[in-house]
Amino acid sequence: MELIIISESKIKLTLTKDEMESFSGNTKEVLRGIMHEAQLKCECPRLDGRVFVQMYPSKKGGCEMFVTKLEKNINEITMRAGEERMLTEYKRPYLSESGSHIIYSFAEMNNLLSCCMGLMKMGYKGDSTAYIDTPTKTYYLMLDCETHVAGENFGSLCSVRTYYYINEHCNVLCGTSAVEKLGKLA
């Protein structure tokens, strides 16, 4: 296991195929096992509380994993998914110029559609817009809050600069209520 400390709240872990196979259980148990192992072997900083995980497979069967600790904000938002649940909203490290949108990129249209369907089933009611970068065939989904659903559908959280790139180079795929409209197509 290789560890690179990016900042106090973000690390990068590289695991081999054998190391990946040594962990079993559901996703949460595997993540806890990997983080525990990293803290023991590599003196990894302790990332307590809520984390955002981005995992990328390697060609040899292992993976690269970025783990970012999310800071709590006192604001709370409500989402409906059959029953009412209170979720804590976190500070957003990747904001648009207006400070109100989070951007995810998808390499495939079906991943974008699946993400929208998942958000729709959760009862997402916020603003959403979808874009396409035709030359690179990259799809972007702009939301007003972070969500784990995008990562589960191979979406990547984009940097602030992406907002400007989209405005200059991309075409609107779905201008308003993208989650609802595209979610129905999945």
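Trainee: Which residue stands opposite Leu 157 in E10?

Mentor: Tyr 104 does. Before we go on, this is a predicted model, where local features need pLDDT of at least 70 and side-chain atom pairs count only at pLDDT 80 or more, while totals for chains, interfaces and linings use all residues. Residues are numbered from 1 along each chain as its sequence is written, and side-chain values use heavy atoms, with hydrogens and water left out.

Trainee: Why is E7 described as largely enclosed?

Mentor: Buried means under 20% relative accessible area, exposed over 50%, and partly exposed in between (1.4 Å probe, protein chains only). Strand E7 (residues 102-106) has five of its five residues buried, so the rest of the structure largely encloses it. Ile 102, Tyr 104 and Phe 106 point one way, Ile 103 and Ser 105 the other, and all are buried.

Trainee: What about a helix, say H2: where do its buried residues lie?

Mentor: The general idea: an α-helix has 3.6 residues a turn, so residues three or four places apart point the same way. In H2 the buried ones are Val 30, Ile 34, Met 35 and Ala 38. Down the axis they fall within an arc of 130 degrees, so they line one face of the helix; the arc is taken from the directions from the helix axis to the C-beta atoms. The face turned away from that buried side carries the exposed Lys 28, Arg 32 and Leu 40. E2 and E4 are among what covers the buried residues, contact being heavy atoms within 4.5 Å.

Trainee: How many salt bridges does the structure hold?

Mentor: Two. The term means a side-chain nitrogen of Lys or Arg within 4 Å of a carboxyl oxygen of Asp or Glu. Lys 12 pairs with Glu 64, closest N and O atoms 3.5 Å apart. That pair links distant parts of the chain, 52 residues apart: Lys 12 in strand E2 (residues 10-15) and Glu 64 in strand E4 (residues 63-69). Lys 12 is buried at 18% relative accessibility, whereas Glu 64 is partly exposed at 32%. In the other bridge, Glu 180 meets Lys 184 at 3.6 Å between the closest N and O atoms.

Notes. Helix = DSSP H or I, 4+ residues; strand = E, 2+ residues; numbered from the N terminus. Pairing = 2+ DSSP bridges.
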